[in-house]
Each structure stands twice: as structure tokens, then as C-alpha cells.
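Please look over the model shown here.

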There are 2 protein chains.
Amino acid sequence: MVRTIKDIARELDLSISTVSRALNNNADVSEKTRKRVLETAKEMRYQPNVNARSLITKKSNMIGLMLSDITDPFFSEVALGVENLLSKEGYQVIYGNTLLDAEKERRFFKSLLERNIDGIIMKPGKLDDDMLDMIECTDVPIVFLRDVLEEEQHLQISSIDFDQTAAAGSAVQHLIDQGHRRIGYVGMSKQASESKARYRGYLESLHANDIAMNSQYVHRVGGSIVHGRIGAEKLMKQTKQPTAIFTENDLLAIGAIDWLRAHAYRVPEDISVMGFENLEISGLHQISLTTVHLPRKEIGYRAAKLLLNMIMAANAIPERVVVKTNLVIRSSTAKPCDY
Amino acid sequence: MVRTIKDIARELDLSISTVSRALNNNADVSEKTRKRVLETAKEMRYQPNVNARSLITKKSNMIGLMLSDITDPFFSEVALGVENLLSKEGYQVIYGNTLLDAEKERRFFKSLLERNIDGIIMKPGKLDDDMLDMIECTDVPIVFLRDVLEEEQHLQISSIDFDQTAAAGSAVQHLIDQGHRRIGYVGMSKQASESKARYRGYLESLHANDIAMNSQYVHRVGGSIVHGRIGAEKLMKQTKQPTAIFTENDLLAIGAIDWLRAHAYRVPEDISVMGFENLEISGLHQISLTTVHLPRKEIGYRAAKLLLNMIMAANAIPERVVVKTNLVIRSSTAKPCDY
DNA sequence: CTGTTAGCGCTTTCAG
DNA sequence: CTGAAAGCGCTAACAG
């Protein structure tokens, strides 16, 4: 049985507006009345209907969080940070996994708009015309968890990301600095935007050091441990084996190391492996992965902040935030053996 | 600019009810009218207001997902499974992290009810009277992601879990079967309900084998890698060191192994380590953890199923589902050296 | 300080 | 097949 302010009003022989005022801590209510209302509200187990309220106030106090996959440690930390901050401000978060499926993405985004959502934090893939159109036409504040692309520059959105290209580039540069010139690349699917940017960083560092790109050394296999194994195997099957491997994320690197060690390659003596992400496990003794640290918590927290800013200030200027990464040098990388 | 059915009605000189019917694929509308409505709806970028609809239909098509911490791999997989299935059925999921804080738990739960939520999947801690009361009084379908306790038996809720006690017990039994009698225990905080149940399993297996419990061997330190290190250190500081360690989760086990190897203990030759959870990384060569496999995906999926059942059938009988676990024997455990 | 009234955007009778 | 009217639960002027 669900009670409404009407029930309280009838019970106390008051008007519903007085009840509403009392419940909302409005000043224009006598202490006595307020107390009576609050008491009977409790007794009757009254629960406000937030939807009805939103209908009038035009605020739902809900925000949407669209990400590719919540089981990805990167996104789960972002999701924690976002929810943490936002719930403190009285917002609830509707979350959805797109799994990089454009259709799911569109559907989820649309449903969010239909919910009268107050803001959206999202990690979209490549936006098709439909999505571009929806984003352009809504005035719901939006924060992208990735770079804003060329064709999206006109959108009124904020964004937060680290410089994927520069971060990947510096990782590869580190390998080159150690003397490596045959550097393998193990990446995720081509669909992911960060994948492209990281690959660009790889290419740029090769180019800056006059190393020719060898497509035999580039393998896009997927994003988890098992794919790291596959990637390593493909690379080591070459006649001219690489002396170092750069992977697009730590799980790939860990998988690669696992395969290498299982096949009697020593890491880093025979081959260096460089990760990207700095997961907690990457610091373990047995793994001790050289990698790039990504400030996941900071990204989640600041994404929420950015959104709150946009929600507060009617037409705040969209911000484009770039956070810093840094190289974490451990013992999965070393000079090449023939150096 | 957000359009309503009113706008469409005015534009087409129709009544809002006709527009509503057309939009909702109601039979009682001429093909011609429906087409006109659908077209102008698209043109005007009309978006239904789902909140307004819920007000009438009493269905919000939202469900709540309350868990302790989304970055916990166990819960992130559950969260993925839940969202996946539910989004297919047209539901959206509001998620929140309680971080085992009773206050957050209560607040989040309450906000869910105020949203006219259609159902809730939750992993609560110990329920205080407030929570018990709220759950008792609502008729929102609820699924617990843990065992239903004594004092909760009367609640109309479904639940899904594996048998924590039996699973932990079988893990410890495996150690005993190998000849271990001094078995350390590294656990999370006492607050967590699963922690209690797993500890009980440990005790039961000791008892069943006439092994006296030694409180020096029991350490509750926390739930992640760093805590595993701490736990291992505390155990090995004993004069009479254990020959095996059982941990409440894989990350603890991984941390323990890390500390042990860093301090020149061989695993499993000098000391065995048993995990609990079977994370993806636990299968890695360098880790190769003996552990208990928990069917996370299945739990998420079936939790969503249970909830859907309750939502569909008005007063379905609550179900209590117990899923199976199984021991995964790898190479972090062996006979004790003095055996 | 309190009540009356209107209306948020939508669905749903009930007439025609 | 279409329209008028009522109302979901609530807030927000506007009177008094």
C-alpha cells in the first residue's frame, strides 16, 4: 500500500499544498503543522513519488553512465568514482554497458533522454549520424570519457581523457631508448577509439626514431589475457622475432608474458614487454610489469565534477580536460640481449 | 527544446489522445493518422516522457542494483550480467555502491523506492531494523545476492548465492587432505556476511578433522592484494608457522604469494596457498592459484531472471537459489614439506 | 500561515 | 476511428 500526500492531507484535514510544504521544509508552515505532518508521514510510511516531482521541477536527479564494459577494471573504477561523488550530491546513476555495439549505444542513450535525465557521462564509440544528431539536439549536459573527435568539435560537450597517443608514444619511446628496434604491437579491436590513438603513438615513436613500421609486428586480437597469449604467439612465430612487445593494456601484457615464460622465453632478458594501464596486479613480484599509469580514480571523479559544473551553470562553456599519465618502470623491460 | 504530444496534436490538429494512441501502436487509429503522427513526431524530434507515463502506468521500467563495490571483480561481472539481461527486457538499471556502509545502504534503498522502481537486486549487509522494516513494507520485488538470514526468513524476497560455508569448507578440506594441519586464515573485514560464512566453513573443516583452531592463525585484514601481503606477513611471523594459508578471496591469495616469494618462501614447496573466487588472472602461469570457482556470470544472469519472474507473476513464491561452486586445483598447493 | 487552483506530460475511460 | 475529460502525485503561483 503506497500513500500519497493526499492521504496525509485527508488524515490531518489539511490541504495537500500545506502537506507538500511541510514535507519540503518550506518556511511558510507553522512548526506545529510541520511536526504533525512529519509524524503522520512517518506513521503512514509515506514515500514521496520522485517521478511526479520531476514532472514539475524538470529535474530528475538521475544521471546516465554509459560505458563499454563494467568488468573492465578501468571503467569499474571510473564508475565507482562517478557514483560516489554524484550520490553525495543527491543524484542516482543509471548505468549501461554498450559492449561497443552501436545499436545498444543508441538505444541506451535514447532511453536516458526519455527519462528526463539531468546529465550523461559516456564513453561512446564512433558516433553515427543518429547519435550525433541526438547529442546535438538535446540540451542535457554531456561529458565524454574520451577525446572529442574532429566531427564532434561543434557539440556542446565536456570531455576528459588522457593523451592516449602521447602516453603510448612515450611507452614505445622508452623501449627504443633501451635499444629496441624491433617492437611488436598487440592491440584490441580496431573499433575502440583508444586503440587507434595508442597505435598512432606507437607509429609516431617509431617514425621519430627512423624505425620502419613492419606490419608483421602488429596484431589486433582482443583485450584480455587470453588475447595477450595469442598476440605473443603470433609475434614469436616470425622468423625475425621482435625484441620487445608493446601492448594496448596490462591484461594483454600479462597474457603475453605468460605465454612467453611458458615457452621458455625469459622476460625481460630475451624479450621486453611493456603494458599500458597499471592495474593493481601489475605491481606484483611475479609480474612486475613496466607500464603506463592511468589515473582511473581521478578520471571518474573529475568526470562527475565536470558534469556537475555543466548542470549547475546553465550554459557553462564545455571543458576539455586532459589528465596526466606516467611511465612506471618495473622489470618486464630491459635492454635487448644483442645490444 | 523538448516537444510533447501536445505539440504534435496542435501541429496536426488532432487530440492528444489520438496522438498518444498512434504513438503507442494502439489498434484504434487509422493507418493514415498513425503515419502522419509518427512522421511529425520524428520531424519534431519528439521524445516521450517516461516519467509522466510511469505516473499513470505505475511501472517505471527501472530496477535498482545495490552492491558493495563495483570494482570488485565478482560484482562487476554480476552487474554486467544483470544489466545485459534486463536491458533486453526494456529495463534500465540504477546502480549504487554501499561500500558496506549501512547509512549509504539505507539511503540508496530508500531513494530506489521513491523512484517507483520495479524491482531491486541487492547485496545488503546486516539489515538493521530500519531496513528490515522498509523491505517488509514495500511490495517491490527484491532479490538478495546473498543468503537469507534467520531474521529475514519472513521477508517476501528471492535470493541467490552459492553455499559459502560449504565452498570454503571444501577448500580447507582439500588442504587437510594433502596433509596440512597448521592452516592459516586471511580474511576480509568482519562486517561482510560472506566473510562470516567462509570462516565458518574453515572452522567446520578443522573441527571435522580434529584440528584445534588456533586464533594466531586467523587474521582479518581486508580484501585486496596489499592485505594479502599483510596477512601472509602476520602468519609467518609466528614461531610455529602454518604450512598452508586459506584466503577469503583470490586477491588476498595473490598478495600472500607475492609476499611469500619476495621473502624467499617457495610456494607450494614451503607453504601452500589456497584462494577463493577464481579470477581470470589466477590461472596465469606465474600465479597458478588453487582456488574455488564461483560462477559469477551465472549468478548475475539468474539474479536478473529471478527478479523478472517476481515482476511478471504478481505474487510469485520467492525462490532461494543456491548455485554450485567447484575446486580448481592448480599449483599453489601441495603436500606440506614435513609430510 | 493555509487553501485553492492550475498544470507538469501522459494514459485511459467514456462518449460520440 | 476520434475527442473530451479525468487524473496519476506532486509543486507553485496566487489569494486570503
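The surface near DNA strand C draws at least two residues from each of α2 (16-23) and α4 (50-57) of chain A and α2 (16-23) and α4 (50-57) of chain B. Helices here are DSSP runs of H or I with at least four residues, and strands are runs of E with at least two, numbered from the N terminus. In total, 25 residues surround DNA strand C, and the closest are S17(A), S30(A), T4(B), S17(B) and N49(B). A residue is near a strand if its C-beta atom, placed from the backbone, lies within 6 Å of it.

This is a predicted model, in which local features need pLDDT of at least 70 and side-chain atom pairs count only at pLDDT 80 or more, while totals for chains, interfaces and linings use all residues. Residues are numbered from 1 along each chain as its sequence is written, and chains are lettered from A and ligands numbered from 1 in the order in which they are written.

The contact between the two protein chains takes 44 residues from chain A and 44 residues from chain B; two residues are in contact if their C-beta atoms, placed from the backbone, lie within 7 Å. On the side of chain A that touches chain B, α4, α5 (73-88), β2 (92-97), α6 (102-114) and α11 (250-262) each supply at least two residues. The most comes from α5(A), with seven residues.

Across the two chains, β2(A) and β2 (residues 92-97) of chain B pair in the antiparallel sense over three bridges; two strands pair if DSSP finds at least two bridges between them. I94(A) stands opposite I94(B) in β2(B).

Chain B also holds an open sheet of four strands with parallel pairing, in the order β7-β6-β8-β9. Its edges are β7 (218-220) and β9 (272-274), each with a single partner strand, so one side of each has no neighbour in the sheet. Within the sheet, β6 (residues 183-187) and β8 (residues 244-247) of chain B pair over four bridges, and Y185(B) has F246(B) as its bridge partner.

In chain A, T325(A) lies in the loop between β11 (320-323) and β12 (326-328). T325(A) is buried because 22 other C-beta atoms lie within 10 Å; the cut-off for buried is 20 or more such atoms, with 12 or fewer counted as exposed and those in between as partly exposed, and C-beta atoms are placed from the backbone. Leaving out residues up to four places away in sequence, T325(A) touches F162(A), A167(A), V292(A), H293(A) and L294(A).
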